[in-house]
Amino acid sequence: MSFDVSRKEAQQPAPPTTGHNGNVVAVLPSMSTVTANRLRLNPNTEHKPESYEGLQLEFSPLLFSSLERYLPPPMLSLPRDSKLHYMRDIILRYSPDGERIRVQRHREYRQKIISHYQPLHRELYTMHASNFFAPSFLKAINENKEEGFRSIMAEPTLGVFTFEMFQPRFCELLLSEVENFEKWVHETKFRIMRPNTMNKFGAVLDDFGLETMLGKLMEDFIRPISKVFFSDVGGSTLDSHHGFVVEYGIDRDVELGFHVDDSEVTLNVCLGKQFSGGDLFFRGVRCDKHVNTETQSDEILDYSHVPGRAVLHHGRHRHGARATTSGERFNLLLWCRSSVFRELRKYQKDFSIWCGECQREKKERQRVSISATKQELLKREGKPAT
């Protein structure tokens, strides 16, 4: 059995990578002190990047913080403005004109919303970990060890992790905020962008002011976990996100087709409310070449949502949502992305480190090679082939 798997794309542009023209290095001609230096191939893990929050930037502040670790050593001690100018030049140079225009228009769109929309629960707009997260999750994050993460997680199939994450009060407040935003949209007749091309209901949380809080969620609470469990797909270099809430019910989206996400790592948390149905189904991780290949028996997983409980998985893990048969179901989605991984992936041909079908093909090639070698040795020894 094969599937027609679509790639679920955000309507906002994905963050640019550092080398759209195929180069992985860049030089800023106007800075003579570093013209002979190139971006590092590997990040300086000991360097603590500057914070770029609060600046008027075309791209996510986390993108600059992540890229800073790749700067040539002579630049690391320069003022923040100098580093910002250097990195911005790199990003803009390799970002197509059309994409830059889309980024600017989306920035203006967000600013228009934020200028007119009045938040209902302002405590949601900054990170308050003790008020947001379940104690068990917060304890594991503070310890920041693999054994601590595994102690709060279940892994019902390879690479899909489930765990208690949010306190009920946080889920209630976020639901209330989304409903308040939807009410404002309806009353003002403001035309908003929906989360992606497949969900016709729901809201992009980044668009009405929650971008900074969700950035902290990714950087301080998802990236430590992804560094351990998704290092092969850029889990340690997550630097941008797309955060949104989707809505399911009889008078909303009912189900979601089989697809992969536009992310390296996806966080999916059920917020509520009362509902039946709506199970997630997973069918294995695939690269672009193998996205429609058959599912193996050990890749099949069906998962029932529980409010406050999170699912964390590879963005290329094929999945979908079955019909919500009664009530209303709301889920928070955070697509976490790594510009570094996306750049490196352009030059990869073998994805067997994470693609299930690539792994099987590689094992089969090895089996055939071993068999051929064995037959050749038997032939040389004058023994009959087996």
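**Reading a predicted model**

Author: Let us begin with K273, which lies in the loop between strand β7 (265-272) and strand β8 (275-277); strands here are DSSP runs of E with at least two residues, helices are runs of H or I with at least four, and both are numbered from the N terminus. The model is a predicted one, in which local features need pLDDT of at least 70 and side-chain atom pairs count only at pLDDT 80 or more, while totals for chains, interfaces and linings use all residues. Residues are numbered from 1 along each chain as its sequence is written, and side-chain values use heavy atoms, with hydrogens and water left out.

Reader: Which kind of peptide bond joins G272 and K273?

Author: Most peptide bonds are trans, and most residues other than glycine have a negative phi. The bond between G272 and K273, however, is cis, with an omega of about 5 degrees.

Reader: Where are N144 and K189 found, and what is the phi of N144 and of K189?

Author: N144 sits in the loop between α5 (135-143) and α6 (146-152), and although N144 is not a glycine, its phi is positive, about 55 degrees. K189 belongs to the loop between α7 (168-188) and β4 (202-204), and K189, also not a glycine, has a positive phi of about 55 degrees. With a relative accessibility of 46%, N144 counts as partly exposed, whereas K189, at 72%, counts as exposed; buried means under 20% relative accessible area, exposed over 50%, and partly exposed in between, with a 1.4 Å probe and protein chains only.

Reader: How many disulfides does a search of the whole structure find?

Author: A disulfide is a covalent bond between the sulfur atoms of two cysteines, and the search counts a pair of cysteine sulfur atoms within 2.5 Å. In the whole structure it finds 0. The closest cysteine sulfur to that of C270 is in C171, at 7.8 Å, which is too far for a bond; C270 itself is buried, at 1% relative accessibility. C355 is in no disulfide either, its nearest cysteine sulfur being that of C287, 3.7 Å away, and C355 is buried, at 0% relative accessibility.

Reader: What is the mean pLDDT of the chain, and over which residues is the pLDDT below 50?

Author: The pLDDT is the predictor's confidence in each residue, from 0 to 100. Its mean over the chain is 86, and 89% of the residues reach 70 or more. Over residues 11-36 the pLDDT is below 50, yet in the model this stretch has 85 contacts beyond near neighbours in sequence, a contact being heavy atoms within 4.5 Å. Where pLDDT is low, the predicted coordinates should not be read in detail.
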